[in-house]
Structures are given as structure tokens and as C-alpha cells.
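Subject: Structure for your review

Dear colleague,

Please find below the structure that I am handing over to you. My notes on what was found in it follow.

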Amino acid sequence: MDAPEIYLSADEIASRIPDGALIGVPKEDGGAAMEVTRALIRRKAKGLRLFTVPVSSIQADMLIGAGCVDEIETSGVSMGEFGFACRFRAAVQEGTIKIKDATCPALYAELQASEKGVPFMPLRGILGSDIHANRDDWMTIDNPLADSGDPIVLLPAVKPDVALFHARYGDRYGNVWVGARRECVLLAHASASTLVTVEEIWDGNLMDDDRMLAGTIPPIYVDTVAHAPQGAWPLSLNGAYERDGVHLREYAGAAKTDDGFAAYLDQHVFGKQAAA
Amino acid sequence: MEFSREELLICAVARMLDGCRNIAVGTASPIPGSAALLMQALTNGHARASILGSNVHNPFNDAGPELFDRAGQGRVDAFFLGGGQIDGEGNINLVGTGPYPNSDTRFPGSFGSGYLYFSVPRVILFREEHSRRVFVDKVDFISAPGWSPPDVHRPGGPYALITSLCVFIYDRDNHRFRLSGLLPGATLEEVRDNTGFDFDCPDGIGDIPPPEADRLELIRTRIAGEIAETYPEFARDRLGWQG
């Protein structure tokens with residue numbers, strides 16, 4: 001099925017993400033909008049602030065390596081079995097980006113506070129860690145419902161300017177279907193705007209089918225959709241394709257050096273518009 | 001009976017999981033994953049393994065906060081963590097060496113450790129590289145502390161530390177590791193030479209027990225096939241899986 005007329009292209013989506021925006025992105029198997037990521041690098045985006053839900057891999061590493069990122073809040077950036085995320089690593093070691101280290105459930109909690117429209121969310125754990133010691137925006141109070149003591153950490157609501165992800169289906173009504181990827185639902189609920197690329201066009205209304213309904217994000221949360229087949233490549237899209245391990249290994253190797261990374265961008269980002 | 005190092009470690013981990021109902025396993029953890037599946041098989045599913053990355057052995061359908069929420073409720077009994085650095089009080093560092101934030105060597109990040117180390121009663125530290133680079137006197141950055149003051153709500157914490165040389169048990173009263181057994185071929189001197197922190201050592205320390213014959217058989221048959229779904233290379237190369 002052809003993309004509905006209301007749909008944009010991945011490059012048009014990238015052009016709607018302003019420099020300096022706070023962008024929330026899912027983890028690598030959660031539907032990473034890699035085609036838009038390449039488009040952001042092509043348009044030479046600057047000063048982006050990444051908020052990973054709760055971790056990232058090649059997506060954050062490429063954006064950082066390309067100089068698009070000023071700041072990242074994350075629980076981890078790694079290429080997993082392919083090794084370290086070398087552009088992330090170099091940027092943090094050299095201090096060219098600001099890092100806000102977190103732990104996974106804290107990032108969810110910060111979005112949950114935004115989703116509920118409350119100023120903060122309490123979370124157990126974290127106390128006595130250097131994660132906490134280095135976060136001026138996190139504070140500790142004594143549980144006001146306890147008789148005494150019982151310290152607990154409060155995390156401020158985080159409202160990304162943009163939620164950005166790649167989903168399996170979109171329909172002509174502006175619905176997108178993410179299935180079990182609840183972190184994308186949370187991200188859409190918590191963010192000021194949501195920009196989505198979709199793998200396939202769903203013929204019909206996703207909200208009319210009870211089997212699809214629970215995994216659907218309706219257009220009250222979705223601002224713009226683009227049709228981007230293979231839009232998560234080289235990462236996986238649940239139910240559609242596995243990650244491209246050969247390519248990820250090639251990237252992890254290339255990203256070890258400035259020259260290798262630049263050559264990778266020339267070939268895979270600037271050299272051609274489409275992914276695969 | 002002949003057995004491999006991996007088979008020995010799977011059995012060593014499995015003994016630590018005795019009595020656990022919900023066993024969660026994170027990324028890059030084929031040996032803990034095999035041990036969790038072994039306990040699931042031995043208990044006819046009374047113990048439930050959740051293997052991150054598995055489409056079959058994963059009771060979650062949320063892909064987000066669910067694991068952490070369940071851990072917060074006390075419904076995850078065992079979990080596994082590693083560490084770029086681990087010190088004698090059980091503090092773990094997944095962030096980097098040297099100063100912060102501009103580390104000398106930056107690691108990926110703390111992942112769920114800053115939460116799960118507090119909420120999961122049996123956190124088993126698994127770090128194969130046994131060196132003074134890893135096992136330091138004091139970590140450079142605390143991703144998660146090994147212990148907390150008494151007023152901090154903390155049902156969880158370190159339970160044991162497994163390395164390529166030995167097994168330590170964590171003493172929660174004294175915030176120290178106690179050597180529990182050696183892997184075949186390792187010596188106490190070797191452990192001391194390669195450990196940067198002070199630890200307790202009972203007299204007459206010996207090798208950890210060899211795999212139980214029935215468990216070894218189960219690992220080579222059913223468990224090899226089950227873990228292959230998530231870790232095919234590990235199953236093929238280390239457990240002789242022929243699939």
C-alpha cells in the first residue's frame with residue numbers, strides 16, 4: 001500500500017527536529033529511527049540533547065561522532081557483543097559532550113512523572129551511588145509517610161521536546177502500532193511532540209481492531225509520520241527483521257578511529273539517501 | 001567424569017540459585033542464563049528464568065519498566081551483574097576509571113545496577129577477568145554501593161562473586177568477601193596475587209564441587225538447546241550443542 005498523503009519523508013522529519021532539541025529515543029531493539037538518524041547527520045543537526053530509554057548503541061554513537069550532540073542522559077551506550085561505542089567513549093573522555101549518568105528505571109521514572117503531569121517521581125535504590133552524587137537535579141527526602149527516616153530519591157519530570165522512534169505499522173489516520181514496545185508508548189505520552197517512521201502501511205484503522213488497539217499510539221500523541229521501509233536498519237525491528245550483525249561489526253570497527261568513522265559516514269550516510 | 005569450565009561454572013551458579021522463584025538474567029550472560037534455565041528445568045518451572053534477549057524464556061511483554069517494577073515489589077529473587085571494577089566492599093563501577101566525568105577509560109554506563117543491586121536479594125557478581133585491574137581496593141566510581149546504612153530501604157545486595165579463578169561469598173554483616181572455593185588449577189596464591197582488595201579466607205580452602213552428574217547430563221541436552229535460542233555460538237562452542 002502506498003503511503004498516505006499526510007506522510008512525510010524521513011528527511012522531512014529530520015528537518016522538523018530543531019537544533020538543541022531534547023530527543024527521547026528507545027533502546028536498540030525498541031525501534032530506533034535510524035533512517036532519521038542518518039538524515040539528522042546529513043542536515044548537520046547541532047546541539048541535540050539525547051535522552052535514551054534507557055540505553056542506546058549505534059544511534060547515540062553515530063549522532064555523537066557526527067558532532068550533533070551536546071548532552072546525553074543515559075544508563076549506558078554500548079555496541080554490546082561488538083564492543084564499546086567508541087565515538088561515545090571518546091566524546092565523554094575528552095569532555096566534548098556533557099554526560100548525565102543514570103540507571104535504567106530512573107529514566108523511565110522521569111518520563112512517568114512527565115506522563116502524569118507531576119513534578120517528580122520517587123524511586124528506591126540509587127542512594128550512596130556516585131550516579132546520585134553527580135546529579136544536581138536529583139534530590140533525597142525522608143519518606144513523608146513514614147514515622148521517621150527512610151530516605152528516598154526524587155527524580156524530576158523530563159519532557160522531551162521530541163519522541164523519535166520507528167514503528168512496525170502506521171495507518172492513514174495517523175495511528176502507529178508499536179506492539180509490546182511500551183517504552184515507545186511512554187515516550188510518546190511524556191514528550192511534547194512525537195515523530196515516527198513506520199515500516200509498513202496498515203490497510204485500515206488500527207484503532208478499529210481490538211487485537212491491534214492495545215499496541216497502538218493514537219494521533220492525539222503523534223505529530224508526524226513518515227514511511228521508511230528498513231527504517232531501523234542496521235538495528236532490528238520486532239517481528240519484521242533481525243539486526244544486521246555484519247554491518248554492526250563493521251561500524252564498531254570503523255568507529256574506533258576518527259578517519260574510520262568519517263569514511264563510514266561518507267559511505268553510509270552521505271553517500272546515499274536510502275539505508276539498504 | 002570430564003567437564004568443561006563452563007559446565008562447572010553453570011553448576012556453581014545454579015547452587016546459588018537454590019530456592020529462588022524468579023531469576024532474571026541480563027545482557028551478555030550465557031553462563032548465568034544456562035544456570036537459570038537449569039534451575040527452571042530441575043524445578044519443573046517452579047523457578048522461572050527470564051533471559052534478556054530470549055523470545056521464549058522471557059515472561060515479560062512490556063519491554064520497559066516491568067522488570068524494574070517487579071524487582072521493586074520484591075518479585076525478582078536473583079539477578080547478575082558485572083563490573084569494570086569491583087572492590088572489597090562489593091561496590092561496583094560500570095562507568096569508568098580515573099576522574100569523573102572525563103574518565104581515563106569510559107565504560108558503557110551503570111545500566112540497571114543502581115536500582116537492582118538494592119532491590120534483588122541475591123545479586124551474583126560474575127566477572128571472569130580476575131586481575132588487579134578489575135578487583136581493586138576502592139572503585140573509582142560507585143555505580144551501585146555494596147552496602148547501605150541501616151536507615152536505607154535495601155532488601156537486596158551482593159550474594160557472591162564468581163571469577164575465572166574462584167568463588168567468593170559476600171558477608172553482608174562485615175561488608176567483605178570470603179573465599180569459598182577455587183576453580184580447578186587455581187591456587188590461593190594466584191587469587192591473592194591478582195586481587196587488589198583484602199578478603200577473608202577460611203583455612204583449608206579447596207576446589208569448588210564438580211558438576212553433579214545428573215545436572216551435567218541435563219546441561220548437555222535440554223539446557224544446551226534452550227540457551228542456544230539466545231546464545232547459539234556459546235551453546236555450540238561450549239556445551240556441544242549440535243542444532
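Two strands are taken to pair if DSSP finds at least two bridges between them. Helices (H or I, at least four residues) and strands (E, at least two) are DSSP runs, numbered from the N terminus. This is a predicted model, in which local features need pLDDT of at least 70 and side-chain atom pairs count only at pLDDT 80 or more, while totals for chains, interfaces and linings use all residues. Residues are numbered from 1 along each chain as its sequence is written, chains are lettered from A and ligands numbered from 1 in the order in which they are written, and side-chain values use heavy atoms, with hydrogens and water left out.

Chain A as a whole

Chain A contains ten helices and twelve strands. For its 276 residues, a compact globule would have a radius of gyration near 19 Å, and the 19 Å of chain A agrees with this; the radius is taken over C-alpha atoms, and the globule rule is 2.2 Å times the number of residues to the power 0.38. The C-alpha trace of chain A spans about 60 × 50 × 30 Å along its principal axes. Of the 276 residues, 61% count as buried (under 20% relative accessible area, with a 1.4 Å probe and protein chains only). Among contacts (heavy atoms within 4.5 Å) in chain A between residues at least 6 apart in sequence, 74% join residues at least 24 apart.

Helix H7 and strands S1 and S2 of chain A

Helix H7(A), residues 182-190, has seven of its nine residues buried, so it is largely enclosed by the rest of the structure. The buried residues include A:Cys184, A:Val185, A:Leu186 and A:Leu187, and also A:Glu183. Among the elements that cover them are strand S1 (22-26), strand S2 (48-53) and helix H5 (104-116) of chain A. S2(A) is itself mostly covered, with five of its six residues buried. S1(A) and S2(A) pair in the parallel sense over five bridges, and A:Gly24 has A:Phe51 in S2(A) as its bridge partner.

A sheet in chain B

In chain B, three strands form an open sheet in the order S5-S4-S9, with mixed pairing. Strands S5 (92-93) and S9 (135-136) of chain B stand at the edges with a single partner strand each, so one side of each is left without a neighbour in the sheet. Strand S4 (residues 85-87) of chain B pairs with S5(B) in the antiparallel sense over two bridges, and B:Ile86 stands opposite B:Ile92 in S5(B).

Yours sincerely

Methods. Buried means under 20% relative accessible area, exposed over 50%, partly exposed in between (1.4 Å probe, protein chains only).
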